[in-house]
Amino acid sequence: MRGRDQETGEYLGESRSQNRRDALEVLALGEKLVELTPAQLARLPIPEGLLEHIEYTKRITSHGARKRQLAFLAKQMRREEDETLEAIRDALDANSETSRREVAIMHRMERWRERLLAEGDIALGELLDEYPQADRQALRTLVRNALAEKAKNKPPRAFREIYQVLRELMLVPVLNATAQVAGEDDDADDGEGDDEQD
């Protein structure tokens, strides 16, 4: 039971309800981390000890055992500093936003590919208006080849190549810009540290 300050009458420490809410938040964070791919986990600032527990939890398939292991993982996470867990949450939120943006762009690339195949030069002209750096002749050839492949029931090699060209046009610049912004943020953090040392 929590004690009270003799002078003010205020409770000392957090309530059991607050402690339980905090523990449930950490458990939910642990569940999210277990669902991530190794590549996604590598992007997060997770301490090595926690990473081992996360990897172990991923391997467990039995429902009851997995539930117990998740509870154990949450217990290990609560031993970490609040700043560590907050950094993981922030990085996870940033990755989620980036992933949503990437998925939206991929859907957009799919729609462009379908339009190029259905509308031909009209869609190609609109694509070139938006992306003037695109190679008109190469795209036109790929579209013609993809239509021929489909008509002859051949493997969709050109169909896939159209997607790769669209990826280079639409997604790669966005990923590079995101990486550059992240790099600038790191540089800004480094710069702040330098000022403190002076």
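Colleague: In what order do the elements run from the N terminus on?
Modeller: From the N terminus on, the order is α-α-α-α-α-α-α-α. That comes to eight helices and zero strands, where helices (H or I, at least four residues) and strands (E, at least two) are DSSP runs numbered from the N terminus.

Colleague: What kind of model is this, and how are residues numbered?
Modeller: This is a predicted model, in which local features need pLDDT of at least 70 and side-chain atom pairs count only at pLDDT 80 or more, while totals for chains, interfaces and linings use all residues. Residues are numbered from 1 along each chain as its sequence is written, and side-chain values use heavy atoms, with hydrogens and water left out.

Colleague: What share of the residues is buried?
Modeller: Of the 198 residues of the protein, 26% count as buried. Buried means under 20% relative accessible area, exposed means over 50%, and partly exposed lies in between (1.4 Å probe, protein chains only).

Colleague: Let us turn to α4. Which of its residues are buried?
Modeller: Q69, L70, L73, A74, Q76 and M77 are buried in α4. They lie on the same side of the helix, because they cover an arc of only 160° around the axis; the arc is that of the directions from the helix axis to the C-beta atoms. On the other side of α4, K67 and R68 are exposed.

Colleague: What covers that buried side?
Modeller: The cover includes α1 (16-35), α3 (48-59) and α5 (82-119). As one example, Q76 of α4 has a relative accessible area of 14%, so this residue counts as buried. Leaving aside neighbours within four places in sequence, Q76 is in contact with L50 and H53; contact means heavy atoms within 4.5 Å.

Colleague: What span should α4 have at 1.5 Å a residue?
Modeller: The 16 residues of α4 (residues 63-78) should span 22 Å, and the end C-alpha atoms are 23 Å apart, which agrees. The expected span is 1.5 Å times one less than the number of residues.

Colleague: Which residues of α6 are buried?
Modeller: In α6 (residues 121-130), A123, L124, L127 and L128 are buried. Their arc around the axis is only 135°, so they sit on the same side of α6. The face turned away from that side carries the exposed residues I122 and D129.

Colleague: A change of topic: what is the phi of N153?
Modeller: N153 has a phi near 60°, a positive value in a residue other than glycine. Most residues other than glycine have a negative phi. N153 lies in the loop between α7 (136-151) and α8, and its relative accessible area is 73%, so N153 counts as exposed.

Colleague: Is R157 buried or exposed?
Modeller: R157 counts as exposed because its relative accessibility is 55%. R157 is found in α8 (residues 157-197). R157 and A146 are 11 residues apart in sequence and 7.3 Å apart in space, C-alpha to C-alpha.

Colleague: Finally, where does the charged end of R113 sit?
Modeller: The charged end of R113 sits over the ring of F159, 3.7 Å from its centre. A charge sits over a ring if NZ of Lys or CZ of Arg is within 6 Å of the ring centre and within 35 degrees of the ring normal.
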